[in-house]
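The entries follow the order in which I looked them up.

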Amino acid sequence: MDLAHRHSAKLLQGLVVFFGFGFTGVLGFMLYAEQQRLIAQEFNKEYLLRVDSFKQSVLSRLATLHSLAILFETQTQVNKSLFRQVSAGLLINHPGIQALEWAPRVLHQDRAAFEQQGLSHYSHFSVTEREQSGVMQRAQQRVEYYPVQFVEPLYGNEIALGFDLLSDSRRQAILEASRDLALPLATSGIKLVQDPKGHSAFLAMRPVYLNQPVTVLEKREHILGFVVGVFKIQTLVSNSKLGKSEGDIEFVLEDVTIATEPQELHRHGQMQTQLVPNTIWLQVWGRDWAISAVPSAQFIQNRTSALPYIVIVIGFFLTALTFLYVRLLYRRQLAIQRAVRVKTYELDKANAQLQVLTQIDGLTQVSNRRYFDLQLQKEWRRAARIASPISLLVIDIDYFKEYNDHYGHVMGDECLRSVAQALNELAQRPCDVFARVGGEEFVFILPDTERVDGFCDKCLAVVQALKLRHQGSSVYKYVSVSVGACVMRPSNGESEEVLLTHADRAMYTAKETGRNCAKVINLVKPSPPPVSMSAVE
């Protein structure tokens, strides 16, 4: 077999594999992508319908507070019987409401009379508040109170009677905002005092005024109280189509009013999927809710056909038959080519492993001196280019020679590994670099960092938290470190050695001043004061 035939065979095998697998793969992928698009389209449509059902369910139940507020705005005296009659009708027409309440404004001088009046309706009644332990107690003295006077239904909500809404700081802020703005508002997720199971719920409050005050002062003076609705999140979900998912949709409901501190209100399913959740935001009386959902595995499985896989199997099978036919004719050439490919792969793998080994410290499995030098040069140049600060920490284990002498080199190596791993966990940002540069010496490179005092304290704390006993130390009964840090804003022409020298000097200063402490040298030059236009003129 001449060289021309061998080249022709190689080209033919490549064309068979390329066009056969390529065409099969593209066709299968297109069928699969179209199938997933239709599934996603169906899911989005179903999800929007269920979320809209949940939204309408929530808003319709919140609207009951407006109806109940009319009672107190039109009637000068509302007794327990009248409140119960009106509330019962609203609860029948809007199932799923945990409770409807009336919390009047009670000044301190009227508290005793208010409690006496409550005793005429209930055998035990007083203005109460909740301790941190969760136990209900008599409310402390305040200028004014907003205790729950009436609640419907009473059964299951008895503990809410007399509960002062102002006793909770979070509810106090909502009450005051609702009073001053004359707007109905909802609270964040809470645990109800009357619910021993601890289900998530929220309160919705609608202020009731005497006459129609305009200014904030008038609103504060003429506020009669608040109509309050208690809503369990789980009940609201269950009474909408969102709660009747039958396992085909997984979702999580969160209060994202404070973007940095989202609060989970309800979860259905584990949400353990690689799919990007579909998120819809809702406005609920001053609160921002987000419902994120993904189709469950059951939803996808019920709507997935085997057609793309059948096409791929058939295409691969035909391609394999054609390829094997050509391969049998030129087995020797293919065997040589395969051997070369295997050797090349092994060489690339060995080169990759060697590249990693040259940048990792063998004992502690953190970055080594070589990697540190490369990263310091890189970050120094970057900081000089954009005029940003850069910090360098040098960390040395105190009395490490004495530790080795007393416990032996095996325990000394274990000490180095433990300290290195503890400090390495402090490098949270992708740009942070932690490395071992000497026997018991470690360094941190912190780009774009100008204040490192708190970080130095963390370094001292995490090493102390290891509680590695050190009988040879004269400063601490456990293994400790000394930290030296330097902060600079480099300029063009300066060398990174300046930063390293100052950080090393700070570390030795920490050693000289008693060890188990940190010293920081801040060389960041303050910005020049702005020059006024009059001075320039």
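I began with the UniProt record, an unreviewed entry, which places the feature "transmembrane region" at residues 12-33 and 306-330. UniProt positions are in the numbering used here, feature names are shortened, and annotations may be inferred rather than shown by experiment. The model is predicted: local features need pLDDT of at least 70, side-chain atom pairs count only at pLDDT 80 or more, and totals for chains, interfaces and linings use all residues. Residues are numbered from 1 along each chain as its sequence is written, and side-chain values use heavy atoms, with hydrogens and water left out.

Over residues 12-33 I read 100% helix and 0% strand, with the end C-alpha atoms 31 Å apart. Helices (H or I, at least four residues) and strands (E, at least two) are DSSP runs, numbered from the N terminus.

I then searched for disulfides (cysteine sulfur atoms within 2.5 Å) and found 0. For C415, the nearest cysteine sulfur, that of C459, is 15 Å away.

In the contact (heavy atoms within 4.5 Å), α12 contributes residues including C415 and L416, and α11 residues including F400 and Y403.
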